[in-house]
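Please look over the sequence and the structure shown here, and keep both in view while reading the paragraphs that follow.

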Amino acid sequence: MGCKSVSDTEAKAIFNTLVKESYQLNVIYFGEGLEPQLVDDEGLYVPVKGSESYTAKLPLVERTREIFSSDYASDIIKTAFEGESGAVGSTAVYARYIEYEGHLSVRKDIEGIEVSKYDFSTTEIIKNSKRFIIARIKTTNLEKNDFVEITLINEENGWRIDSATY
């Protein structure tokens with residue numbers, strides 16, 4: 001796709017589509033997560049149910065890269081599969097998922113957050129250029145029920161979200 005400009009109407013459609021599609025990934029990475037199988041194992045990681053939408057790492061990583069910018073996707077994937085030690089005085093974040101013998105396992109002691117939902121009728125394009133789309137949209141489940149700004153960037157493989165949407 002490259003750096004082709006789009007009209008505000010097209011920008012709004014692209015924005016709404018990507019943010020809607022990011023919801024499932026946000027639930028997987030930050031919310032409830034993928035559902036574990038019921039096992040008697042006392043380990044920290046439990047295999048993901050075979051009926052889940054993702055049971056292996058590669059398809060999940062590929063989908064993440066289809067929705068989020070390369071840099072932002074890399075950060076999400078790194079945190080999800082490797083964890084993050086954080087800065088001095090901050091809390092360590094453990095890897096939520098590991099892959100063992102081609103099958104995803106989820107860490108069973110991590111509680112997710114309530115993932116943001118949006119009122120897409122409120123989407124307003126703030127900036128629209130060949131490289132960036134910045135839009136304002138109202139959240140529907142945060143305490144303030146407030147507007148947030150979300151940025152998309154135009155990469156070689158098309159428009160991608162470059163902001164937190166969770």
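In what order do the three strands of the open sheet stand? In this predicted model, the order is β1-β3-β2, and the strands pair in the antiparallel sense. Because β1 (45-47) and β2 (97-100) stand at the edges and each has a single partner strand, one side of each is left without a neighbour in the sheet. From one strand to the next, the twist averages 35°. The pairing can be followed in detail between β2 and strand β3 (residues 103-107), which are joined in the antiparallel sense over four bridges, and here Tyr97 is found opposite Val106 in β3.

A further open sheet is built from four strands, which follow the order β4-β5-β6-β7 with antiparallel pairing. Its edges are taken by β4 (118-128) and β7 (158-161), each with a single partner strand, so one side of each has no neighbour in the sheet. On average, and with direction ignored, neighbouring strands of this sheet are turned by 30° against each other. Within this sheet, strand β5 (residues 132-139) pairs with strand β6 (residues 147-155) over seven bridges, again in the antiparallel sense, and Ala135 stands opposite Ile150 in β6.

Sorted by class, the lining of the largest pocket consists of ten nonpolar, two polar and four charged residues.

How values were computed: Residues numbered from 1 in each chain as written. Predicted model: local features only at pLDDT ≥ 70, side-chain atom pairs only at ≥ 80, totals over all residues. Heavy atoms only, no water. Nonpolar A, V, L, I, M, F, W, Y, C, P; charged D, E, K, R; others polar. Pairing = 2+ DSSP bridges. Helix = DSSP H or I, 4+ residues; strand = E, 2+ residues; numbered from the N terminus. Axes fitted to C-alpha atoms, helices over the stretch in contact; angles between N-to-C directions.
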